[in-house]
Structure formats: structure tokens, C-alpha cells
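Colleague: Could you walk me through this one? I am new to reading structures, so please take it slowly.

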Amino acid sequence: MPEDTILIVEDEPALLRGLTDNFEQKGYRVLTADDGEKGLHLALHKQPSLIVLDIMLPKINGYEICRQIRKQNLDVPIIMLTAKGEESDVVLGLNLGADDYVTKPFSIRELLARVEAMLRRAQQIQSRRYHFGDFELDMVGHRLLRNGEEVTLTPKEFSMLQLLVRYAGRALTRDEILDHVWGGDILVTRRSVDRCITTLRAKIEPEPQNPIFIKTVRDLGYRFEPQ
Ligand code: CA
């Protein structure tokens with residue numbers, strides 16, 4: 001972790017300074033930007049390990065930065081800083097590709113804990129083995145193991161699980177899932193997503209009716225609970 005670089009995009013000077021000091025104290029390398037244009041440039045060209053991103057920014061706002069980053073297929077984790085009481089901001093941000101959010105005013109300790117958890121998960125994904133409950137998802141071997149025994153998944157179920165795990169903690173919309181798992185296949189509908197989730201839950205959830213891994217996010221889609 002000591003070599004991780006955090007990009008902080010925030011236009012309030014006092015907050016930016018406070019965040020920078022705290023992250024540096026923890027041993028992170030910190031890049032800062034006080035407007036969206038600079039932030040987007042650093043995000044695209046400096047390969048930060050994680051981005052802390054304010055929404056209301058001069059020049060380019062946080063949503064647009066998220067959108068641009070994901071458009072370039074960069075999967076750097078993004079934590080958004082949202083204003084209190086703006087639930088719609090959160091949904092929009094998550095839909096545009098943010099991984100998590102904290103609501104202002106927040107405790108720096110809480111933000112640091114989220115950042116640490118997210119970096120740990122990113123490393124686990126990179127190692128291509130993800131553990132949850134009694135399961136191990138082996139992304140190189142393309143198989144799911146329960147206590148070392150292989151659980152048979154259809155190719156779609158496997159892709160679905162891989163996608164959910166990759167974005168653990170983040171709500172994925174049915175359309176996003178369709179795009180990733182079914183690609184450009186126009187004959188499938190959002191119902192196909194729900195059916196695949198049902199069969200996947202039957203295979204991994206201790207109680208499929210009361211899921212602990214794959215949660216339903218009302219009116220939106222699904223979220224894998226980070227372990
Ligand atoms: Ca701001």
C-alpha cells in the first residue's frame with residue numbers, strides 16, 4: 001500500500017489541504033487538482049490507484065469526470081464526495097461509474113477506511129482470486145469453488161458473478177449488467193438479468209430468498225456485498 005497514489009479532486013482549499021495531509025501521513029503519494037479539467041487530466045495520464053472526487057467543481061464537474069474515465073475503460077476506483085441530502089446525486093454518480101461515496105461533512109477517518117478497503121479489494125481482483133463466504137472465485141481458472149469443490153456455473157452466471165464481484169459494493173443497473181454480460185445481443189431483456197440472478201443466487205446463497213451476497217437495489221439493479 002505505501003506506494004499507492006491517491007488523486008484528490010476538490011476545489012475547497014481547506015478541505016483539499018486537510019485531505020492531502022491526512023493521506024500523506026498514512027504514507028500515500030498524493031496528487032491534487034482544484035478544478036475538474038486538471039483532475040481529469042491527472043486521472044487519465046498519471047494512473048492513480050484511487051480517485052477521491054468532488055462533484056461540484058469548476059470547469060468540469062465530477063459526473064463528467066467519472067463518465068470520461070469509464071469511457072476510456074479505466075477501472076480505477078472512484079470515491080465521490082457528495083452533498084448531504086442529495087440522494088439523486090449518489091444514484092447518478094454510481095450509474096456513471098463511481099464505486100462508492102461519502103457524504104459531506106464526513107470524517108477523514110471514515111474516508112481513509114473506505115479508501116483502504118477499496119484498494120485491498122482492487123489488489124484482490126488483480127490477484128484474480130476473490131473470496132466470499134465459503135467460496136473462491138478463480139478468475140484465471142474460470143471457475144467457482146466452494147470449500148475447494150467446484151460449483152458448476154453456466155457461462156452467463158460466471159460472467160455475471162465476475163462482474164458483480166469486480167464492482168463489489170457498487171450498485172449495477174440492469175442495463176449495465178446487460179451490456180457487460182450479454183454484450184450487444186439485442187434479443188435479451190432486463191428480465192434475462194433477473195432470471196440469471198435468480199439461478200446464480202440458488203447456487204451461492206445460503207438462503208436464496210434472503211440473499212446476503214447479491215442484494216437487490218430497488219428500482220435500479222443489483223449490488224454484490226463486499227466481503
Ligand atoms: Ca466543490
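Modeller: Let me begin with a term that we will need: an angle of 65 to 115 degrees between two axes counts as roughly perpendicular, while angles under 35 degrees count as roughly parallel. Please also keep in mind that this is a predicted model.

Colleague: Okay, so at what angle do helix 6 and helix 8 cross?

Modeller: The axes of helix 6 (residues 155-166) and helix 8 (residues 190-204) cross at roughly 85°, and they come within 10 Å. Helix 6 and helix 8 are therefore roughly perpendicular to each other.

Colleague: Which residues make that contact?

Modeller: From helix 6 the contact takes K156, E157, M160, L161 and L164, and from helix 8 it takes V193, C196, I197, T199, L200, K203 and I204. Sorted by class, the contact of helix 6 with helix 8 has eight nonpolar residues, one polar residue and three charged residues.

Colleague: And how do the axes of helix 2 and helix 3 cross?

Modeller: The axes of helix 2 (residues 36-45) and helix 3 come within 10 Å and cross at roughly 20°, which means that helix 2 is roughly parallel to helix 3. The crossing in which helix 2 passes helix 3 is right-handed. Here G36, L40, A43 and L44 of helix 2 meet I65, Q68 and I69 of helix 3, and by class this contact of helix 2 with helix 3 has five nonpolar, two polar and no charged residues.

Colleague: Staying with helix 3, is G62 buried or exposed?

Modeller: G62, which has its place in helix 3, is buried, with a relative accessible area of 0%. If we do not count residues up to four places away in sequence, G62 touches L53, D54, I55 and L57.

Colleague: Switching topic, what coordinates the calcium ion?

Modeller: The calcium ion is coordinated by D11 (OD), D54 (OD) and M56 (O), at 2.1 to 2.3 Å. In sequence these donor residues are spaced D-x42-D-x1-M. D11 lies in the loop between strand 1 (5-9) and helix 1 (13-25), and M56 lies in the loop between strand 3 (50-54) and helix 3 (62-71), so the pair ties together parts that are 45 residues apart in sequence.

Colleague: How do D11 and M56 count, buried or exposed?

Modeller: D11 counts as partly exposed, at 30% relative accessibility, whereas M56 is exposed, with a relative accessible area of 64%.

Colleague: Now a strand, please: what is V102 in contact with?

Modeller: V102 lies in strand 5 (residues 100-104) and is buried, with a relative accessible area of 3%. Leaving aside neighbours within four places in sequence, V102 is in contact with I79, M80, L81, T82, L111 and R114.

Colleague: How far apart are V102 and L200?

Modeller: V102 and L200 are 98 residues apart in sequence, and in space they are 30 Å apart, taken from C-alpha to C-alpha.

Colleague: Last one: which residues of helix 7 are buried?

Modeller: In helix 7 (residues 174-182) the buried residues are R174, E176, I177, L178, V181 and W182. The buried residues of helix 7 pack against helix 4 (87-95), helix 6, strand 10 (171-173), helix 8 and strand 12 (221-224). Helix 7 is then followed by G183, which has a positive phi, near 60°.

Note on methods
Residues numbered from 1 in each chain as written. Predicted model: local features only at pLDDT ≥ 70, side-chain atom pairs only at ≥ 80, totals over all residues. Heavy atoms only, no water. Donors = N, O, S within 2.8 Å, 3.2 Å for Na, K, Ca; no water. Helix = DSSP H or I, 4+ residues; strand = E, 2+ residues; numbered from the N terminus. Buried < 20%, exposed > 50% of the residue type's maximum accessible area, 1.4 Å probe, protein only. Axes fitted to C-alpha atoms, helices over the stretch in contact; angles between N-to-C directions. Parallel < 35°, antiparallel > 145°, perpendicular 65-115°, else oblique. Left-handed = near helix turned anticlockwise from the far one by under 90°. Contact = heavy atoms within 4.5 Å. Nonpolar A, V, L, I, M, F, W, Y, C, P; charged D, E, K, R; others polar.
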